[in-house]
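Okay, thanks for coming, everyone. Let me put the structure up on the screen, and then I'll walk you through it.

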Amino acid sequence: MASAVADEIIAIIARQAMLDPSEVRLDMTLDELGFDSLVLVEALFAIEEKFDVSVPYNANEPDEADFDISSVGAVIAGVEALVAAKA
Amino acid sequence: MGRVVITGAGSINPLGASVAETWAAMQAGRCAIGPMTFQDSERLSVQIGAQVQGFAPEDHLTRAELGFADRFAQFALASARQAVAEAGLAFEGDLAARSGVVIGTAGGGLTTSDEAYRAVYAEGKNRVHPFTVPRLMHNAAASLVGMAFGLQGPSFSVSTACASSNHAMGLAFQMVRSGAAPVMLAGGAEAMLCFGGIKAWEGLRVMSADGCRPFSADRNGLVQGEGAAVFVFEEYEHARARGAAMLAEVVGFSMGADAADMVMPSVEGAARAMAGALSDAGLAPEAVGYINAHGTATAANDRTECAAVRKVFGAHADRLMISSTKSMHGHLIGATGAVELLACLMALGEGVIAPTAGYRVPDPDCALDVVPNEARAARVDVVLSNAFAFGGLNAVLALARV
């Protein structure tokens, strides 16, 4: 079952992608969702505000290992780890 | 139409407090980027920048000027004084009545705004300094410079983000060329290295945490700097008649808009601006020996800019030199084109090409002669200076040896 964190993140991603949350799958890439770099930056801002965490992501190095954005599931796992680290 | 020459230059920037110091640093490939320190800077995730060190405003400004001058205007005034002293101009009578000043800045008096907001929001005060408005307004630098020399002609500020100073200098060039003014002081000034100024940039996630490496495959973003440079743009016959030394001739300018995206640059738009500057100058692409790149060290800019150079110059792209001095002085945002024009003057007048410092790994998307890490002696006759701003606004200047 999806965690509360996952539901919140899917809601944020769905809002940025202009989709219904039910249309967002964990295996979807951000490309498939139609995210460009600015939409991603806005989504990360919304996530940071929601969970009071800092997401280490530099738009110049999207493939750097600091934070995995390869899929919706990867983003959720990354944020869950940040939230857990804060607790 | 008249010809336009530069007869004086002045600058306060992270590399030095004069043109000579700046040139020496550029020739040495010295990098002025380091840890930033100012109020609340410990709360920033970006910890590096190119600050102007050791600048004592009271050494450059009168007491009356100090009251009205934010840090960006202080840099502009000090730079303008150097430039006018070098030009040896005395502004009086008709010359003073018709000459003016145009200064580009993206943020204007940001430190003033930052301090005033801190006072009323964070500290709960109900009063800010009475000169907050005249200090923070974007035209403060232009006005203070004009007042210092009694310039009563066309005077204004230009604000187009990272292209502000190229737009300012381009307009000055057009005004002198058209006869609207015999002399224009033009350049740019920026002092964005304050808490609010950098905090705003952090959000875009385009800043580097560890250095500015334009065109290098391991580049990871821009680093900000601060400072100013101001130049004397003078009508050629006017300069010749008084026996003035000429640092360079300004021969072309082009500005345009991508009309496409707020932050992503366009190959097409950048190429049109470069080609437009050459066309305005009546020069073939093959005449160009050096391009001072916009070269921000973001993934997007450097790739796009190199593709645009290939598009405009074809096979000649492999023969010309292109470097980004932001690798040494950082990105001065609204002042960046002005400080970078110093590298153009050095190329034309001193025969030395400023390097791209911090270069480590070749990038196939930026496979041009970027003059990596070491300055190079070379005779060039024509140079371009590129500026491509957020908002998709592009401005390119062409200069030639007199």
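This is a predicted model: local features need pLDDT of at least 70, side-chain atom pairs count only at pLDDT 80 or more; totals for chains, interfaces and linings use all residues.

I'll go chain by chain, then turn to the interface, and finish with a few single residues.

Let's begin with chain A. It has 3 helices and 0 strands, and if you read along the sequence you get the pattern α-α-α. What about its radius of gyration? For chain A that comes out at 12 Å, close to the 12 Å from the globule rule for 87 residues, so this chain is as compact as a globular protein of that length. If you'd like dimensions, the C-alpha trace of chain A spans about 35 × 30 × 20 Å along its principal axes.

How much of chain A is buried? Of its 87 residues, 41% count as buried. Chain A also exposes about 4,900 Å², and carbon and sulfur atoms supply 53% of that. On contacts, take the ones in chain A between residues at least 6 apart in sequence: 58% of them join residues at least 24 apart.

Okay, over to chain B. Here we have 14 helices and 14 strands. With 402 residues, a compact globule would have a radius of gyration near 21 Å, and chain B has 20 Å, so the two agree. The C-alpha trace of chain B spans about 65 × 55 × 40 Å along its principal axes.

Buried residues make up 62% of the 402 residues in chain B. Its accessible surface comes to about 14,100 Å², with 54% belonging to carbon and sulfur atoms. Among contacts in chain B with a separation of 6 or more, residues 24 or more positions apart account for 78%. As for charge, chain B has 28 positive and 37 negative side chains, and the centres of those two sets lie 1 Å apart.

So how do the chains meet? On the chain B side, 11 residues are in contact with 11 residues of chain A. Between them the two chains bury about 880 Å², and 45% of that is on carbon and sulfur atoms. Which three residues of chain B supply more of its buried area than any other three? They are B:R205, B:N220 and B:A299, and they supply 62% of the area that chain B buries against chain A.

Start with A:D52, in the loop between α2 (37-51) and α3 (72-86) of chain A. A:D52 has a positive phi of about 50° although it is not a glycine. Is A:D52 buried or exposed? Its relative accessible area is 58%, and the cut-off for exposed is over 50%, so A:D52 is exposed.

Chain B has a residue to look at too, B:D40. Its phi is near 70°, again a positive value in a residue other than glycine. You'll find B:D40 in the loop between β2 (34-35) and β3 (48-49) of chain B.

And finally A:D7, which lies in helix α1 (residues 4-17) of chain A. At 45% relative accessibility, A:D7 counts as partly exposed. Now find A:I76, which is 69 residues away from A:D7 along the chain. The C-alpha atoms of A:D7 and A:I76 are separated by 9.1 Å.

That's my tour, so over to you for questions.

Methods:
Residues are numbered from 1 along each chain as its sequence is written. Chains are lettered from A and ligands numbered from 1 in the order in which they are written. Side-chain values use heavy atoms; hydrogens and water are left out. Helices (H or I, at least four residues) and strands (E, at least two) are DSSP runs, numbered from the N terminus. The radius of gyration is taken over C-alpha atoms; the globule rule is 2.2 Å times the number of residues to the power 0.38. Buried means under 20% relative accessible area, exposed over 50%, partly exposed in between (1.4 Å probe, protein chains only). Contact means heavy atoms within 4.5 Å. Accessible areas come from the Shrake-Rupley method with a 1.4 Å probe; for residues, only the protein chains shown count as cover. Buried area is the accessible area (1.4 Å probe) that two parts lose on being put together, summed over both. Lys and Arg count as positive and Asp and Glu as negative; His and the chain ends are not counted. The place of a charge is taken as NZ of Lys, CZ of Arg, CG of Asp or CD of Glu.
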